Every structure is written in C-alpha cells, then in structure tokens.
Amino acid sequence: MKDETTLVHAGREWNRDVGVVNPPVYHASTIVYPSLEAFKNRMQHRYTGITYGLQGNPTRFALADAVAELEGGHKTVIVSSGLGSITLAILAFIKGGDHLLVSDSAYEPTRNFCTKVLARFGVETTFYDPRIGAGIARLVRPTTRMIVLESPGSLTFEVQDVPAITAVARQRGVLTLLDNTWATPLFFKPLRHGVDISSQAGTKYLSGHSDLVLGVITVNSEEHYRAVKDITTQMGDNPGPDDCYLALRGLRTMAVRLRQHEQSALKVARWLRERPEVARVLHPALPGDPGHALWQRDFLGACGLFGVLLRTANEAAVARLVDGLRLFKIGASWGGFESLVIPAFPGNARTAVPWQEPGCLLRLHIGLEDPDDLLADLAAGFERLNAALKVSA
C-alpha cells in the first residue's frame, strides 16, 4: 500500500471485535485472566503477556502497529515524550565504558543527556560534524557502541549522508539511531537507509494539534525490540492511553497536513530568500542549500520547519519584528496547525563545528494558515525591523 493508505488503515485491527472506526481508549492498570492456566501462558497472548497497565494496552498497541507499518520496521514502542524516544533508545544499548558518537547539530536536550547524565555513568560522547559522511569511520573506536544522527539537524538543518554513515556503522558493528521528527516516516524512511533505530517526537506532526506529548521508537529486529521494550518498562515510562488515542487520530490526516505544511513553507522560504533583510534561508529543499543534493536524493518531501538568518543582530530591532507578528506566535514546539517563531542560538551548543554566523537566527514553523496571510504578517514585521534599525543608527 501507499503511505497515504497505510495511514488510514494501519492499527485498526485492534477494534475488529467492536466495529467502531477508531480503536477505543483503554484505561487500565490491572489486567485479569480467567484461569491460572491462562495466566501462566500469558506470553502467548496477543498482548505479549501484559499483567499490568505499565506494559501497555490495546490503544497503545494500535498506535505502535500503525507507526511500525508506516516506518517499514519490525516493531514500535510508544513512550511518553520525544526526548524519551531518544534517551530510552540510547539507554537500551549503552553501558558504562561505551563510547557514543552524536551529531553536533542534534537536539540540544539530546546533547545534555549525553554530557550531563551518561557521562556520570562512564559513557564518553564525541560530537561530530553532521556533514562528515563516510569520514565518520575515523572517529569510531573499539568501544563505540552507537552513532546518533539527526537529519536535518536541529536549528541549522544540516542534512546528513545517512547511507554512508550507516554503511560504516554496519562494517564496524556499531548501532545507529536517527531522530526523524523533522521528516516523519512519510518523507524519510530511516530503516530503509540502513538505520537500526528510528525515533521521533509524536508530539509534532504525528499529533498535529499541539495538544499532547509523546514519542515513538521503531526498530529493525526482535532483539532490538526486546531491549527497547525492557528498558521502557524498567524505567517506568508509561504514555497515557488518551494521548495514544489522539496521536492515532492525528496520524490519519498526517499526509494531507504535511503536504500543506510543505507547500506553504516553501512559498514563505522562497519569499524570504528575496528579502534584503535576510542573509540566508536554512531549508534543505531549496536549491543552493548546502544539504539540497542529499535531501533530493534521500527525502520524499519537506515539512514546515526551517531557519532564517537575518543580516542584523540588533536585539531591539528583532524584537520589534517578532513581538508585533499577529499570526506567528512565539513558541518552542512545532508540528501543529499554527505558525511559530523563536530566536535560535546554535552557538551555545556546538563543539565540532562552531556556529559563527553573524546576525540573528530565527526558526520558523509554517502552519496551516493561508501563506499569503503569513507573508503579509512577515512583511509588516520587516517594516518594523527597518524602522527600528533607522532609529538606532
């Protein structure tokens, strides 16, 4: 089936005995069995032996089945946040004395987890240039256990040569984990490009409505599934059934929403490229972007998130631009139906490739509003910016 069809039908077999279109919400802590024999043989049960709500419920399993089918993976584990989808996937395989390679442009909380948590338990992390490609081979040590990728990179949108990195990893017996929140499985298939573990924040496009926090981890083998499933249970991670239900409902319309996000974002990005106030637009789907060739080779589309580097770093002038926007709200998340803007400071969290660009970097998320209305809002913002710059000159 095409992905659009999978989104509509996957995960719905869990309601086969009920007849409703959407799998219902199951609230449960205690799970009972009709006999001692059934309890002893619970591992043969379709629900993989659950005896307590922490281990899951049919609502969560329906979402997991749908995501696994969309990813083309073996199985999916649902966790309670996007960050959890990264940290728990790492914890499932890392032990004291191991070495970890992490993209320098990864999500900053991922970086903090490595430097502030894993370091306490004797795990060493090396941050690498996201554009290193096959050159990552020179950073792999005998103790390297995992390579963590994020493509495009957080805030600065570098596209990684995922097949080249995963080829090196396979040769050296190293696991690979990729944060695929930007593209979703609709626009990039990590497991088809050699990645072992795909994570994404269901909070973003999977939900699509800015009203839940969730993460998903999809793996390529039963061995990896058992490791991830065990660590999530042992750590007590327990996503609520209502959030799983909302994510499953959001998933049904993700293809339609993402195409609109893509089209509107590209229109806004092209317009911004022509503005004299803009030094650079950081969007891999635009020709001329440093990551465009890799994006064109590996990706099936683009989402609504990208960066805009202004020529000025004047804080007062930038505040005039941002504070007066009517349709762009100031918010740190993204992936919902609304447009958002925040200032970004990648220089605070880069070591392998220091960020030295002058000017203020803004991160935009283009929502589902009419793009012409968004352009009018931005145009008025640039007028305020220019007026403030004249006053300060």
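Author: Welcome! Let's begin with a term: buried means under 20% relative accessible area, exposed over 50%, and partly exposed in between (1.4 Å probe, protein chains only). This is a predicted model, where local features need pLDDT of at least 70, side-chain atom pairs count only at pLDDT 80 or more, and totals for chains, interfaces and linings use all residues. Residues are numbered from 1 along each chain as its sequence is written, and side-chain values use heavy atoms, leaving out hydrogens and water.

Reader: Is isoleucine 147 buried or exposed?

Author: Isoleucine 147 counts as buried because its relative accessibility is 0%. Its place is in strand S4 (residues 144–150); strands (E, at least two residues) and helices (H or I, at least four) are DSSP runs, numbered from the N terminus.

Reader: Which residues is isoleucine 147 in contact with, leaving aside its neighbours within four places in sequence?

Author: Contact means heavy atoms within 4.5 Å. The partners of isoleucine 147 include Leu101, Tyr128, Ile136 and Ile165.

Reader: How do I read two packed helices?

Author: They are described by the angle between their axes and the distance between the axes. Axes are lines fitted to C-alpha atoms, for helices over the stretch in contact, with angles from 0 to 180 degrees between N-to-C directions. Here, the axes of H4 (residues 82–91) and H5 (residues 108–117) come within 10 Å and cross at roughly 35°.

Reader: Which residues make the contact?

Author: Leu83, Ile86, Thr87, Ile90 and Leu91 come from H4, while H5 brings Pro109, Thr110 and Phe113.
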